[in-house]
Every structure is written in structure tokens, then in C-alpha cells.
Amino acid sequence: MAGYGLCKIRKNMKMNKYISLAVLLLLAGCGQSGIEEGANTSLEQKQYNWRLVTAWPKNYPGLGMAPERIADLVEEMSNGQMKITVYGAGEQVPAFGVFDAVSSGSHQMGHSGGYFWKGKVPAAQFFTGVPFGLTADEINAWTNRGGGLELWREIYEPFNIYPIPAGNTGTQMFGWFNKEINSLEDIKGLKMRIPGIGGEVLKRAGGIPVTLPGGELFTALQTGVIDATEWVGPYNDLTFGFQQTAKYYYYPGWHEPGSMLELLINKDAWDTLPKHLQVIIETASKAVNQDILDEYTARNNKALRELVDVHGVELRRLPDDVITEFKIIANDILEENAAEDETVNKVYQSYLKFKNEVSEYHKVSEDAFVEARSN
Ligand code: CA
């Protein structure tokens with residue numbers, strides 16, 4: 001490594017003409033390409049070409065661009081040593097086949113939302129978000145600084161998957177309806193696309209939750225396969241054209257207060273990487289995790305104005321008593337799920353403790369400030 005440093009000096013700086021003979025002798029061994037040759041072992045030079053499957057349409061704004069940006073950053077930061085090819089949903093595996101593809105090792109990487117895997121890993125839902133749970137900043141803090149990440153890796157470990165946070169949508173919208181929701185009676189019999197625990201809440205309130213990948217939602221809503229749908233927020237919803245098939249756009253997104261996206265990596269493949277590439281992937285994902293949230297924050301308001309002002313969408317707030325009822329049901333479900341499953345309980349207790357603590361502080365900081373700003 002001493003030779004590497006000296007070669008660098010020769011390349012980047014004007015040499016002092018009085019440089020000692022000893023140093024000149026050392027430099028003589030460098031050669032024109034001595035920097036690269038001297039610095040790398042064979043493992044560090046190996047080329048990695050990985051495939052990444054996603055639960056999103058190819059190049060889809062926000063969600064689908066997260067893995068594209070991670071791939072670009074990894075290639076640049078590794079100076080081309082690692083190339084990741086990103087596939088949209090259905091190109092190599094279906095949207096909901098991403099977890100199995102990464103688990104089996106047929107693909108080294110995936111990008112998705114943990115709540116899609118609730119049938120396999122019930123506790124995974126906490127790492128996307130749960131109703132009336134943590135906002136984007138809060139879930140990042142719990143995951144990265146509050147013990148969440150260690151729990152997440154523990155629950156995916158039996159599936160041979162190493163997860164990394166990789167994007168966040170911010171607070172979502174409740175979604176698109178063709179009838180007004182004035183009371184819980186209006187939920188009864190309503191067939192709505194809503195994943196995760198939000199779907200369980202809808203079911204207990206008398207609705208019929210459906211899980212469909214994003215790319216199928218417009219047609220399902222247009223053809224009456226579903227009566228209503230949630231997706232993400234104005235920026236994404238506008239691109240799918242829901243304004244053409246539904247009249248009312250409801251808020252708040254009580255079911256998804258700050259949904260975190262996940263980069264999934266096959267653990268065996270991860271373990272073959274040299275340390276510097278692991279650090280590059282972790283660092284690129286961390287940058288993109290924030291970048292995607294920034295994109296949503298910057299784009300959502302403009303898209304909402306377009307939906308309302310140009311397309312005539314009617315924006316509606318859910319009645320308070322409906323929100324309160326959803327909250328009671330959501331808490332019941334979370335408690336019941338925790339009582340039935342030791343792993344869910346372990347994750348839930350960590351999540352709940354963090355939520356209670358951060359909520360106390362946010363009451364006198366962010367919540368109080370936002371209230372003061374709007375008055
Ligand atoms: Ca959603």
C-alpha cells in the first residue's frame with residue numbers, strides 16, 4: 001500500500017526536484033499502470049453483473065426509479081466493477097414473485113415493499129408501515145437508529161435474504177372512490193385494493209380487501225373488478241390515470257403513514273462480495289432512500305393541484321368518526337397479531353415503544369410547529 005501512495009503522489013503532484021534517491025528508487029517500480037496493478041487483489045478486481053427484479057413497472061416514477069438509481073450509483077461508485085440490470089414487474093418474474101426469486105437465488109437482488117410478503121413473513125409489514133404508525137422520518141429513525149434494522153435482518157435471515165431500506169413514499173392518500181364515504185356504512189361491501197394491515201382493517205369494517213400489483217389497478221378499477229383503490233399519492237396516482245375512472249380522492253392515508261421500500265439481496269450472493277462493494281451498495285441505498293422521499297415531497301403537491309384544477313377530481317377528507325373507528329380496529333388487529341406470533345410480537349414491541357417515545361417528542365416539536373405554521 002506504501003507503493004500505491006507514492007505512485008499517486010507522482011501522478012497527481014509536481015515532484016520536488018530535490019526528492020531523495022530512495023524515493024525515486026521506490027517509484028521506479030510503479031510503471032504507468034502501477035497504481036491499479038498494485039492496489040487490487042484478484043477478488044477486488046472481479047467483475048460483478050447482477051440482476052434485480054422489482055414489484056414495479058419498469059422506470060415507474062418514484063418506486064421504480066429507486067432501484068434504477070441504486071444501480072447507477074453502484075456502477076459509478078465502483079468504477080464499473082459492479083453492474084446491476086433492473087427488470088420491471090413481469091419482465092423476468094411477476095411483481096409478487098420478487099421475494100421468492102431473491103430467496104432462491106435465481107436473482108441476486110429485488111426491490112419491493114415488505115407488506116407484500118405478509119403471508120410468508122407476517123412481521124415484514126412493520127418494515128413498510130402499519131396503519132397509524134411511523135411517518136417517513138420516524139421509520140427511518142427506528143430502522144437505522146432504533147434497532148429496527150437488526151430485527152428486519154433477523155426475520156429475513158431464514159429466507160436467505162439481506163434487506164436494506166431503499167426509498168420512502170412519505171404519507172400516502174387513502175385513495176380513489178366512486179361514492180362518498182360519509183360513515184362506516186359506506187365501507188360495507190366495498191371491494192377495495194388495499195394491501196397489508198390496512199386491508200385487514202377494511203375487512204373488519206365490512207369491506208372486501210384485494211391485493212393487486214400497481215400495474216393492474218387502472219383496468220381493475222375501470223372494469224369494476226374493484227370499487228375503489230389506494231395506490232400511493234398524487235405524483236404516482238396521476239401517472240396511472242385514476243382520475244379518469246374515479247371521482248373522489250380521499251385522505252388521509254391512515255393505512256400507510258410513511259411506507260418504506262426495500263432492497264432485497266440474496267444472502268449467499270451478498271457474502272461473496274468484497275467489503276468495498278458491500279459498503280457501496282449500503283451507501284447508495286441510503287442515499288436513494290432519502291432521494292425518493294425528497295422526490296415525492298417535491299412532486300406531490302403539483303400533481304394534486306393538477307388532479308383537482310385540471311381533471312376536476314373532488315378531494316375529500318374521511319370523516320373523523322370513520323378515522324377513529326379505523327384506528328381502534330387497527331390497534332386491535334396489531335395486538336391480536338402480536339399475541340398469536342412470537343416474532344410479530346418482538347417486532348411490534350420494538351416498533352410500538354419507538355412510536356410512543358418519538359410521538360411524545362414530536363408533540364412538542366414537529367406537530368406543534370406545523371400547527372403553529374398553519375394558524
Ligand atoms: Ca399504497
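The model is predicted: local features need pLDDT of at least 70, side-chain atom pairs count only at pLDDT 80 or more, and totals for chains, interfaces and linings use all residues. Residues are numbered from 1 along each chain as its sequence is written, and side-chain values use heavy atoms, with hydrogens and water left out.

**Exercise 1.** Find how the lining of the second largest cavity divides by residue class.

*Solution.* Start with the lining, which includes Tyr115, Gln125, Pro131, His255 and Glu256 (atoms within 4 Å of a point on a 1 Å grid where a 1.4 Å probe fits but cannot get out). Next, sort the lining residues: five are nonpolar, five polar and one charged.

**Exercise 2.** Decide whether Ser285 is buried or exposed, and list its contacts.

*Solution.* Then check its relative accessible area: at 0%, Ser285 is buried (under 20%, with exposed over 50%, using a 1.4 Å probe and protein chains only). Finally, leaving aside neighbours within four places in sequence, Ser285 is in contact with Ile70, Ile164, Pro165, Ala166 and Leu263 (heavy atoms within 4.5 Å).

**Exercise 3.** Work out why helix 8 is largely enclosed.

*Solution.* Count first: seven of the nine residues of helix 8 (148-156) are buried, so the rest of the structure largely encloses this helix. Then look at the cover, which includes helix 6, helix 7 and helix 13.

Conventions:
Helices (H or I, at least four residues) and strands (E, at least two) are DSSP runs, numbered from the N terminus. On a 1 Å grid over the protein atoms alone, a cavity is a set of points where a 1.4 Å probe fits but cannot get out, and a pocket is an open set with protein on both sides within 12 Å along at least five of seven lines; lining residues have an atom within 4 Å of a point. Ala, Val, Leu, Ile, Met, Phe, Trp, Tyr, Cys and Pro count as nonpolar, Asp, Glu, Lys and Arg as charged, and the others, Gly among them, as polar.
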